[in-house]
Amino acid sequence: MKAIVAHAAKDLRLEDREPPEPAAGEVLIRLSAGGICGSDLHYYAHGGFGTVRLKEPMILGHEVSGVIEAVGAGVTTHEVGQLVAVSPSRPCGTCAYCQEGAQNHCLNMRFYGSAMPFPHIQGAFRELLVADAAQCAIADGLSPAEAAMAEPLSVVLHAAKQAGDLMGKRVLVTGCGPIGLLAVIVAKAAGAVEIVATDITDFTTEMAHGVGANTAHNVGKTPDALDAYTADKGHFDVLFECTGVAAVVASAVPALRPRATMVQLGLGGDMVLPVQAMTAKELVMKGSFRFHAEFFSAVALMRGKQIDVTPLVTHSKPLSAFGEAFELASDRNAAIKVQIAFS
C-alpha cells in the first residue's frame, strides 16, 4: 500500500508500506478521503512547529474517512462496506486524566501523525488503515469528504463547549481558515445573534460571509476595522481566536465586552498578551485543545443535517498528486480545505 511520509521540511514522499491486518476489536479501512490540516502543513513546510520537530520519517494525516474492508474478531458494531469517520484521538483510558473524563489531556495519547512523542505516532494518510472499532463513527448518508471533516468539526465543538451557551450572544471569530470558518458555522447553529469574522484575504472573508457571518472584515486592508466595536467598553460576548498571533489577540481585546469569554484555538507559539486590559475587563480566557467525545457528536450533527461542512471542502486531489495538494493547501488565497482522494 502507499503512504504519504514526511522526512523533513519540503521532503514529502509517497512510499510503500506493508498492508496491515485487523486484530481482535479492530477494523481494516480502505481510505476514501483525507483532509490536509494545519499541522500537516507545518510538518511539510517547516519540519515541525514550535519545539516539535520531525526526528524520524512519519506518515502524515489525521482527518480521514474510509470504507470497512474487514473486521477483526469480536467486532459486532461495524460491518464490511460501511463508510466510517476515524477519530485520530486514541487516549489510553487508564491515566488520571482519562479517568476524570479529560481524555484530550491523556498522558499516553496516541494521536495520528504527531511528532510530539518519540518514536513518533504514525499518521493515517495511507491506503489501508487498521483502527480500533471504537474509534470509528459510522458515517452512512455522508459523502467521504464530509466524513473526513469530522475531526476539525470536533475541534470546534470542543471550543464551543469551552465558550458555554452561545444563544443570543455576539461572537467574534479571528482567523477564517477551516477552524475559524467552522467556528462561524457552529456559532450560528448554536444561536449566536451576531457573528463577525476577520482575516487578511478577500477569499477567506468572503467565505465567512457565505457560511453565516453577518460581517467579515479583511483586516489586511482595513487594520482598524475592529475599532467600530469598541464603544462602551466593547461589543462581543465571545471570541473564538483561531490565528495564534499575538497582535490579533491584542487587537480583539478592546472589542470585547467586560466579562466576555476568549477561547484560544490558534497555536502559533508563546504570545505576549495585554494582560492589564484583560484584567480590567474581567475577561475569561480559556484554552481549547483537541477533543474526544465531540467526534461522535460531529458525525451525528452532520448526518442530522444540523451542520453543513460541504462549502469548506474547496479542492480534492488524487493520491498521485499529493505534492500538488499540499502546495494548494498552503495557499490561503485559493483554498480552504484540500482533501486527498485515496479511492
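This is a predicted model: local features need pLDDT of at least 70, side-chain atom pairs count only at pLDDT 80 or more; totals for chains, interfaces and linings use all residues.

**A loop and its neighbourhood**

Author: Let's start with Arg 290, which sits in the loop between β16 and α9 (294-303). Residues are numbered from 1 along each chain as its sequence is written, and side-chain values use heavy atoms, with hydrogens and water left out.

Back to the backbone. Arg 290 has a positive phi of about 55°, although it isn't a glycine. It counts as buried, at 16% relative accessibility (buried means under 20% relative accessible area, exposed over 50%, partly exposed in between, using a 1.4 Å probe and protein chains only).

What sheet does β16 belong to? It's an open sheet of 6 strands with parallel pairing, in the order β13-β12-β11-β14-β15-β16. Two strands count as paired if DSSP finds at least two bridges between them. In general, strands of a sheet pair through backbone hydrogen bonds, either parallel or antiparallel. β16 and β13 (215-218) stand at the edges with a single partner strand each, so one side of each has no neighbour in the sheet. From one strand to the next, the twist averages 15°. Further along the sheet, strands β11 (residues 170-174) and β12 (residues 194-199) run parallel and are joined by 5 bridges. Leu 172, for instance, has Val 196 of β12 as its bridge partner.

Thr 201 is buried, at 8% relative accessibility. Leaving aside residues up to four places away in sequence, Thr 201 touches Asn 218, Arg 332 and Asn 333, where contact means heavy atoms within 4.5 Å.

Glu 294 forms a salt bridge with Lys 161, with the closest N and O atoms 3.1 Å apart (a salt bridge being a side-chain nitrogen of Lys or Arg within 4 Å of a carboxyl oxygen of Asp or Glu). Glu 294 lies in helix α9 and Lys 161 in helix α4 (residues 150-163), so the pair ties together parts that are 133 residues apart in sequence. Glu 294 is buried, with a relative accessible area of 7%, whereas Lys 161 is exposed at 56%.

How many salt bridges does the structure hold? There are 13. Among them is the one between Arg 30 and Glu 69, where the closest N and O atoms are 2.6 Å apart. That pair links distant parts of the chain, with Arg 30 in strand β3 (residues 26-35) and Glu 69 in strand β7 (residues 63-71), 39 residues apart. Arg 30 is partly exposed at 32%, and Glu 69 is partly exposed at 38%. Asp 11 and Arg 13 also meet through their side chains in a salt bridge (2.9 Å, N to O); Asp 11 is partly exposed, with a relative accessible area of 24%, and Arg 13 is partly exposed at 35%.

The peptide bond from Phe 118 to Pro 119 is cis, with omega near 0°. Pro 119 is found in the loop between α2 (96-99) and β9 (128-132).

Technical notes
Helices (H or I, at least four residues) and strands (E, at least two) are DSSP runs, numbered from the N terminus. Axes are lines fitted to C-alpha atoms, for helices over the stretch in contact, and angles run from 0 to 180 degrees between N-to-C directions.
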